[in-house]
Amino acid sequence: MKPMQSLLFSAALMLAGSSAFAHSDEYLDTQKTPNGGQQRMAGIYHFELVVAKDSKEARDNPVVVYVTDHANAKIPTVGAGGTATILAGKQKASVKLVPDGDNRLKGLAAYSSIPGMKVVVSINLPGKSAEQARFTPLVTGAASHPEHKH
C-alpha cells in the first residue's frame, strides 16, 4: 500500500505544479485560442480578448471577450456586463461590453491596431464579484514577455 501512496502523492505534486504554470500569461500566450484572440486568467475564469488586428486608423471596431473556465468550458454571459479600456498610442477608448451569445460580451470602440496596444477588461457575471484582466492583444508569445528566455 505504501508504494501506491507514494505514487499518488507524486502524481498530485506534478499536477499541482503544472496547473500553476499552465495559467501564467507566458503559458497562455503560447496556446492556440478558440477564437484567435489573447487569453488571460481572471480569477476563476479565462477571458479571451479579440480585437481588430488590421485597423491602421482609429475607427469603430469590435471588442469581443469570451468567458470560459480553466478547462475552457463556456461560461454563460446572460445578465453579465463589463468594460474594456483600450490604450493605443495616445488614444484612449472605453467601451461597454454587453452579452452577445453563449459565452461572449461585445462592444464597439474607436481604436487603431498598433503593436503596443494595451487593453484592460473588467467583467461582472451575475451574482459574482467583478474580475479584471490586462491584455497586450497584438503582441503574443515570447515578444510579449521579452524578459522570459528559452
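A contact here means heavy atoms within 4.5 Å. With that cut-off, residues 24 or more positions apart account for 55% of the contacts in the chain with a separation of 6 or more.

Some ground rules before you click. This is a predicted model, where local features need pLDDT of at least 70 and side-chain atom pairs count only at pLDDT 80 or more, while totals for chains, interfaces and linings use all residues. Residues are numbered from 1 along each chain as its sequence is written, and side-chain values use heavy atoms, with hydrogens and water left out.

**Stop 1: the whole chain**

Switch to cartoon. You will see two helices and eight strands. Helices (H or I, at least four residues) and strands (E, at least two) are DSSP runs, numbered from the N terminus. Trace the chain along the sequence: the pattern reads α-α-β-β-β-β-β-β-β-β.

Now colour by accessibility. Buried means under 20% relative accessible area, exposed means over 50%, and partly exposed lies in between (1.4 Å probe, protein chains only). Of the 150 residues in the chain, 37% are buried.

**Stop 2: the sheet**

Select the strands. In what order do the eight strands of the open sheet lie? Across the sheet, read β1-β2-β3-β6-β5-β4-β7-β8, with antiparallel pairing. Two strands pair if DSSP finds at least two bridges between them. β1 and β8 stand at the edges with a single partner strand each, so one side of each has no neighbour in the sheet. From one strand to the next, the twist averages 20 degrees. For such angles, axes are lines fitted to C-alpha atoms (for helices, over the stretch in contact), and values run from 0 to 180 degrees between N-to-C directions.

Zoom in on β2 and β3. These antiparallel strands are joined by six bridges. Pick glutamate 48: tyrosine 66 in β3 stands opposite.

**Stop 3: the nonpolar core**

In soluble globular proteins, nonpolar side chains tend to be buried together. A nonpolar core is a set of buried Ala, Val, Leu, Ile, Met, Phe, Trp, Tyr and Cys residues joined through side-chain atoms within 4.5 Å. The largest one here has 27 residues. Select Phe47, Val63 and Val121, the residues with the most contacts inside this core. Elements giving two or more residues are β2 (45-51), β3, β4, β5, β6, β7 (118-124) and β8 (131-135). β2 gives the most, with four residues.

Stay on phenylalanine 47. Leave aside neighbours within four places in sequence. The residues in contact with phenylalanine 47 then include Arg40, Val65, Val67, Val121, Ile123 and Phe135.

**Stop 4: glycine 82**

Select glycine 82 in strand β4. Glycine 82 is buried, with a relative accessible area of 12%. Show the C-alpha atom of isoleucine 123, 41 residues away along the chain: the two C-alpha atoms are separated by 4.2 Å. Not counting residues up to four places away in sequence, glycine 82 also touches others, among them Val95, Leu97 and Leu105.

**Stop 5: serine 55**

Move to the loop between β2 and β3, where serine 55 is found. Is serine 55 buried or exposed? Serine 55 is buried, at a relative accessible area of 0%. The serine 55 side chain reaches the backbone oxygen of glutamate 57 at 2.8 Å. Beyond four places in sequence, serine 55 is in contact with Asn61, Tyr111, Ser112 and Ser113.

**Stop 6: the salt bridges**

Side chains of opposite charge can pair when their charged atoms come close. A salt bridge is a side-chain nitrogen of Lys or Arg within 4 Å of a carboxyl oxygen of Asp or Glu. How many salt bridges does the structure hold? There are four.

Start with aspartate 29 and arginine 40, which meet at 2.9 Å, N to O. This pair links distant parts of the chain: aspartate 29 sits in helix α2 (residues 25-29) and arginine 40 in strand β1 (residues 38-42), 11 residues apart. Aspartate 29 is buried at 10% relative accessibility, and arginine 40 is buried at 3%.

Next, select aspartate 102 and lysine 74. Their closest N and O atoms are 3.6 Å apart. Aspartate 102 lies in the loop between β5 (91-99) and β6 (104-111), and lysine 74 in the loop between β3 (59-68) and β4 (81-88). Aspartate 102 is exposed, at 56%; lysine 74 is exposed, at 56%.

Last, select arginine 104 and aspartate 100, joined by a salt bridge at 2.4 Å, N to O. Arginine 104 is partly exposed at 22%, and aspartate 100 is partly exposed at 29%. Finish by showing Asp25, Asp29 and Arg40 together: salt bridges that share partners join them into one network.

Key. A polar contact is a pair of N or O atoms within 3.5 Å; within protein, one must be able to donate a hydrogen and the other to accept it, and residues adjacent in sequence count only if both atoms are side-chain atoms.
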